Amino acid sequence: QVQLVESGGGLVQAGGSLRLSCATSGRIFGSNGMGWFRQAPGKEREFVAAITWSGATTRYVDSVKDRFTISRDNVKNTVYLQMNSLKPEDTAVYYCAAISGIATLKIVYWGQGTQVTVSS
């Protein structure tokens, strides 16, 4: 059984930092990478960052470039999202996902999400 479990969300002041973790278990078929997505209240879920299983290639939405860093530890089967210089507009539920490819971002599995709230 595949499980993706996010952690690390919370409340932080603008300009602060958080690191999200996504621990994976089970054999994930059809996936060539992992991604982070977010959904703010009243908005559609949007792509944030992705990384290939090898870690060689990453991709970011423009709004988080130079502030967020995605990484992975294949020994721990965990993907991370380091978020620096957080802004109130980063407030959302953050989801990790197994994706079929870093170009297509087709979702194979979703995690349950973790809330990130940035106060001004």
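This report walks through the predicted model shown above, from its overall build to a handful of individual residues.

## Overall build

Let's start with the fold. The protein has zero helices and 11 strands, and along the sequence the pattern reads β-β-β-β-β-β-β-β-β-β-β. Its radius of gyration is 13 Å, close to the 14 Å that the globule rule gives for 120 residues, so the protein is as compact as a globular protein of that length. If you draw a box around the C-alpha atoms along the principal axes, its sides come to roughly 40 × 30 × 25 Å.

Take the contacts between residues at least 6 apart in sequence: 55% of them join residues at least 24 apart.

## Surface and charge

How much of the protein is buried? Of its 120 residues, 46% fall in that class. The exposed surface comes to about 6300 Å², and carbon and sulfur atoms supply 48% of that area.

On the charge side, you will find 12 positive and 8 negative side chains. The centres of these two sets lie 6 Å apart.

## Leu20, a buried strand residue

Leu20 sits in strand β3, which covers residues 18–25. With a relative accessibility of 0%, and under 20% being the cut-off, Leu20 counts as buried.

Which residues does Leu20 touch, once those up to four places away in sequence are set aside? The list begins with Ser7, Gly8 and Gly9, and continues with Trp36, Val79, Tyr80, Leu81, Met83, Tyr94, Thr114 and Val116. Ser7 is 13 residues from Leu20 along the chain, and the C-alpha atoms of the two are separated by 5.7 Å.

Thr52 belongs to strand β5, residues 46–52. Its relative accessibility is 14%, which is under the 20% cut-off, so Thr52 counts as buried. Beyond its neighbours within four places in sequence, Thr52 is in contact with Asn32, Gly33, Thr57, Arg72 and Ile102.

Ser54 lies in the loop between β5 and β6 (58–60). Is Ser54 buried or exposed? Its relative accessible area is 59%, over the 50% cut-off, so Ser54 is exposed. A polar atom of the Ser54 side chain lies 3.1 Å from the backbone nitrogen of Ala56. Asn32, one of the residues that Thr52 contacts, is 22 residues from Ser54 along the chain, with 8.9 Å between the C-alpha atoms of Ser54 and Asn32.

Most residues other than glycine have a negative phi.

Asn77 has a positive phi, near 55 degrees, and is not a glycine. You can find Asn77 in the loop between β7 (68–73) and β8 (78–83). Its relative accessible area is 41%, so Asn77 falls between the 20% and 50% cut-offs and is partly exposed. Ser85 is also a non-glycine residue with a positive phi, about 50 degrees. The loop that holds Ser85 runs between β8 and β9, and at 41% relative accessibility Ser85 counts as partly exposed.

Thr91 is in the loop between β8 and β9.

Setting aside residues up to four places away in sequence, Thr91 touches Ala40, Gln115, Val116, Thr117 and Val118. Val116 is also among the residues that Leu20 touches.

Ser100 is placed in the loop between β9 (92–99) and β10 (107–110). The side chains of Ser100 and Thr104 are joined by a polar contact of 3.1 Å.

Which residues are in contact with Ser100, leaving aside its neighbours within four places in sequence? They are Gly30, Ser31, Asn32, Lys106 and Val108. Phe29 lies 71 residues from Ser100 in sequence, while the C-alpha to C-alpha distance between Ser100 and Phe29 is 9.0 Å.

Terms used. Residues are numbered from 1 along each chain as its sequence is written. This is a predicted model: local features need pLDDT of at least 70, side-chain atom pairs count only at pLDDT 80 or more; totals for chains, interfaces and linings use all residues. Side-chain values use heavy atoms; hydrogens and water are left out. Helices (H or I, at least four residues) and strands (E, at least two) are DSSP runs, numbered from the N terminus. The radius of gyration is taken over C-alpha atoms; the globule rule is 2.2 Å times the number of residues to the power 0.38. Buried means under 20% relative accessible area, exposed over 50%, partly exposed in between (1.4 Å probe, protein chains only). Contact means heavy atoms within 4.5 Å. Accessible areas come from the Shrake-Rupley method with a 1.4 Å probe; for residues, only the protein chains shown count as cover. Lys and Arg count as positive and Asp and Glu as negative; His and the chain ends are not counted. The place of a charge is taken as NZ of Lys, CZ of Arg, CG of Asp or CD of Glu. A polar contact is a pair of N or O atoms within 3.5 Å; within protein, one must be able to donate a hydrogen and the other to accept it, and residues adjacent in sequence count only if both atoms are side-chain atoms.
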